[in-house]
Structures are given as C-alpha cells and as structure tokens.
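Please open the model in your viewer and keep the selection tool at hand.

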Amino acid sequence: DARLPLGVVVEGEEARDGYRRQHLNIASTSSRRVDVLVTLPDGDTVGLPAVVCLHGHGGDRFAVHDPESIYKGFAAALAADGYVTIAVDVGQHEIYESDRLLMGERLWDCIRCVDLLASHQRVDASRIGCAGLSLGGEMAMWLGAMDTRIASEVSAGFLTTMDQMEHNHCLCWKFDGLRELVDYADIYALTGPRPLMCQNGLQEPETQFHVPLARQALAEVEPAYGD
C-alpha cells in the first residue's frame, strides 16, 4: 500500500483488567495528525479480531470506553473480551484542511484507523469490524460502505431517511450533491454482502430515529443481501 505512513507516536499507555490502553498519535494526511485510543489484550496472541469504535455527537474517543455513558462502555467491553479496539474523535464541526468536506475528513480519519489495525502484527486483517451509535452509527455506515476491509458493521441509532434528517437534527451529515444521488439505504447497501446490523430503539420518538422509518429503510437495504 503506497498510502502515507502512519508515523505512529506512542504518547502513553496504561494497564486495564486484561488489556492495556495506548494513547497514540498518527498521521491522517501529510499535514494533519490525529490522536487515537487503542486497546490490546494482555499477552502476545496474534490473529486477533479488531473493531473501530465510533462515538456520537458530544462524545470523543474516550466516551466509548465509559460504562456510564450512552455508549455503555462498549469499547472497553470488547477490549476485555479479547478484541483489539481503536477509537478516534469524529465529532468535529470544522473543516481542518482546505478543499475538504467535513464528512470526508471524519471518514478519512476512520479509514486511517483501519490502516493501523490492518497493519498491526497482532490483528487478523480479515476480521476488522466497526461499530458506533448515533453520529457513530452514521460513521459506521460510511466506513462499511467505503472501506471493504470492514468485515462486519454495527450501526446503532441512525438508520432512517434523509427527509427525516432535514429537521430536528444537526445538518453536518449533508453536503452538496448527496441527496441528488442516494438515500441512507443506498449507502448501507454498499456494505452488502458483508454482515450488517442496524439497531434503533423502540422508544425513539417520531422526530428522531423512529423505528417505522428504520424498517422502511431496511426494506430498501435488503435486496443487496439477495434472498
């Protein structure tokens, strides 16, 4: 792969119960670096599965490790269960480099996380997944669609339609030309035939990620998975 070297810098490491947590800094582009949080199980076992863990609005890479947060500490739970995990901040609402899209910058940082996992000596590159909630569910959707190295995807609290997202939601999802080409179901369908799980809460109100809309969108995704 001729992609820019990651240039990993270890900024800290701490022991957890059954795994260690590394604070790393990596090159996202030739002029921008990002902080990531990586967990590795204790020992030297190789061929490990790995997950890109994605937070939502108002969160950060640490939030997915917090059992008291809306993410229920799912990254920490995966780490304790023997997975390698990586988390990066994707909640920014500013564009860092000229001639970029906000969603493009967020997604590229996620792809660089996959680069790190795929090149890690302890990771089985064929067993890399992604999971996220809310904005994290949106980023999981994009990552699974745009990076075929993602073997499976869990997108929670996001499956809906673009018409729904035009109201009562942050419009950071939207960029010129998107709506003329696709709806969310089309993007999710690009994950197929790789495994995809979408989760929406039954108590979501009509103004949010309402289950009937999720079912409508899912029906449009299903043809990508055949019979």
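Rings of Phe, Tyr and Trp (its six-membered ring) form an aromatic pair if their centres lie within 6.5 Å; planes under 30 degrees apart count as stacked, over 60 as edge-to-face and the rest as tilted. This is a predicted model, in which local features need pLDDT of at least 70 and side-chain atom pairs count only at pLDDT 80 or more, while totals for chains, interfaces and linings use all residues. Residues are numbered from 1 along each chain as its sequence is written, and side-chain values use heavy atoms, with hydrogens and water left out.

**First stop: the aromatic rings**

Select Phe158, Trp173, Tyr184 and Phe209, which together form one aromatic cluster. By the ring rule, the count comes to four aromatic pairs.

Next, select Trp142 and Phe175. Their rings form a tilted pair, with 6.2 Å from centre to centre and 40° between the planes. This pair links distant parts of the chain: Trp142 belongs to helix H3 (residues 135–146), Phe175 to the loop between helix H4 (162–165) and helix H5 (178–181), and 33 residues separate them. Helices (H or I, at least four residues) and strands (E, at least two) are DSSP runs, numbered from the N terminus. Trp142 is buried, at a relative accessible area of 10%, whereas Phe175 is partly exposed at 23%. Here, buried means under 20% relative accessible area, exposed over 50%, and partly exposed in between (1.4 Å probe, protein chains only).

Now return to Phe158 and Phe209. Their ring centres are 5.7 Å apart and their planes stand at 40°, so this pair is tilted. Phe158 lies in the loop between strand S7 (150–156) and H4, and Phe209 in the loop between strand S8 (196–199) and helix H7 (211–221), 51 residues apart. Phe158 is buried at 2%, and Phe209 is buried at 7%.

**Second stop: the cysteines**

How many disulfides does the structure hold? A disulfide is a pair of cysteine sulfur atoms within 2.5 Å, and the structure holds zero. Select Cys113: the nearest cysteine sulfur, that of Cys110, is 6.0 Å away. Cys113 is buried, with a relative accessible area of 0%. Cys198 is partly exposed, at 24% relative accessibility.

**Last stop: a histidine in a loop**

Finally, select His65, in the loop between strand S4 (48–54) and helix H1 (74–80). His65 is buried, at 8% relative accessibility. Leaving aside residues up to four places away in sequence, His65 touches Arg21, Leu37, Thr39, Gly73, Ala75, Ala76 and Thr85, where contact means heavy atoms within 4.5 Å.
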